[in-house]
Amino acid sequence: MHVQDSHWSSALAAGAAMSTPTGGGRPDGARSTPLRVDAQRNLEHVLRAAREVFGELGYGAPMEDVARRARVGVGTVYRRFPSKDVLVRRIAEEETSRLTEQARAALGQEDEPWSALSRFLRTSVASGAGRLLPPQVLRVGVAEERGLPEHARLPQQRTQPAGELRLVPETPVTVADDAGAAELLEVVGQLVERARDAGELRADVSVSDVLLVIATAAPSLPDAAQQAAAASRLLDILLEGLRSRPA
């Protein structure tokens, strides 16, 4: 998981200001009037390319990389998203919303607590959403320092400079900064609580651990088949680590 928090934090302030530019159109693709067919197609290409590029390289990847992957000029990208922060926020919000819906589906369609939790993890890892989680849901230690409840204990974000993973110490950002992130934590918290109460999940496992599994078990590999196989194998191992053991 590679997230450049500077883009995300500035987007929190910039998002509202950039959402209604001069001329009446929104920069994030939600216009009051329908887009022309070619403009809509370009928007879809840009969003798909952004998910791929940010998933592979992190939110620090330049807009030029997004434009190149979308096969459009960088000016086309900036016409739809006047700043990189706006695009970063759009992608992160969409992936957070997707994870929330996957968690709700698991809660509603699986009666067994462990089956619900494992289904959510498998679906989320397969979708690759873990590579695009925003910083709010990728921190650890913040809750202990601020006295936040258990469900808010989040793994610290990671980035990958020069091909090496490292933890990045940063000024803590609480999940209350983003309603979408808070909603995700709430729903995943229900999955965790059910599995823990049923005695199927280790008592020391928190929501933060579950989200860390999603981020960790979503490697970015050049070959799609290899990536799917690696993610499935890694998730099997991590799930075994989450399960409770007889005393």
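Start at Arg 71: its relative accessibility is 78%, so the residue counts as exposed. The model on screen is predicted.

**Stop 1: Arg 71**

Select Arg 71 and show the backbone around it. Arg 71 sits in the loop between helix 3 (63–70) and helix 4 (74–80). Check the backbone torsion. Phi is positive here, about 60 degrees, although Arg 71 is not a glycine. Most residues other than glycine have a negative phi. Along the chain, Asn 42 and Arg 71 are 29 residues apart. Their C-alpha atoms are separated by 9.0 Å.

**Stop 2: the whole chain**

Zoom out and switch to a cartoon. The protein chain has 10 helices and two strands. Trace the cartoon along the sequence: the pattern is α-α-α-α-α-α-α-β-β-α-α-α. Colour by accessibility next. Of the 247 residues in the protein chain, 45% are buried. Then consider contacts between residues at least 6 apart in sequence: 66% of them join residues at least 24 apart.

**Stop 3: Phe 54 and Tyr 59**

Select the aromatic side chains. How many aromatic pairs does the count come to? The count comes to one. The partners are Phe 54 and Tyr 59, with ring centres 5.2 Å apart and planes at 55 degrees, so the pair is tilted. For the angle, stacked would need planes under 30 degrees apart and edge-to-face over 60. Are the two partners buried or exposed? Phe 54 counts as buried, at 1% relative accessibility. Tyr 59 is buried as well, with a relative accessible area of 1%.

**Stop 4: helix 8**

Select residues 179–197, which form helix 8. How far apart are the end C-alpha atoms of this helix? They are 27 Å apart. At 1.5 Å a residue, the 19 residues of helix 8 should span 27 Å, so the two values agree.

Now show the side chains that face inward. The buried residues of helix 8 include Leu 184, Leu 185, Val 187, Val 188, Leu 191 and Val 192. Ala 181, Gly 189 and Ala 195 are also among them. What do these buried residues pack against? Their partners are helix 5 (84–109), helix 6 (113–127) and helix 9 (207–216). Step just past the end of helix 8 to Gly 199, which takes a positive phi of about 75 degrees.

**Stop 5: helix 6 against helix 9**

Keep helix 6 and helix 9 on screen and hide the rest. Their axes come within 9 Å and cross at roughly 35 degrees. The crossing is right-handed. On the helix 6 side, the contact is made by Leu 117, Phe 120, Leu 121, Ser 124 and Val 125. Helix 9 contributes Val 210, Val 213 and Ile 214.

**Stop 6: Gln 102**

Bring helix 5 back and select Gln 102, which lies in it. Gln 102 has a relative accessible area of 14%, under the 20% cut-off, so this residue is buried. Leaving out residues up to four places away in sequence, Gln 102 touches Phe 120, Thr 123, Ser 124 and Ser 127.

Conventions: Residues are numbered from 1 along each chain as its sequence is written. This is a predicted model: local features need pLDDT of at least 70, side-chain atom pairs count only at pLDDT 80 or more; totals for chains, interfaces and linings use all residues. Side-chain values use heavy atoms; hydrogens and water are left out. Helices (H or I, at least four residues) and strands (E, at least two) are DSSP runs, numbered from the N terminus. The expected span of a helix is 1.5 Å times one less than its number of residues. Buried means under 20% relative accessible area, exposed over 50%, partly exposed in between (1.4 Å probe, protein chains only). Contact means heavy atoms within 4.5 Å. Rings of Phe, Tyr and Trp (its six-membered ring) pair if their centres lie within 6.5 Å; planes under 30 degrees apart count as stacked, over 60 as edge-to-face and the rest as tilted. Axes are lines fitted to C-alpha atoms, for helices over the stretch in contact, and angles run from 0 to 180 degrees between N-to-C directions. A crossing is left-handed if the near helix is turned anticlockwise from the far one by less than a right angle, and right-handed if clockwise.
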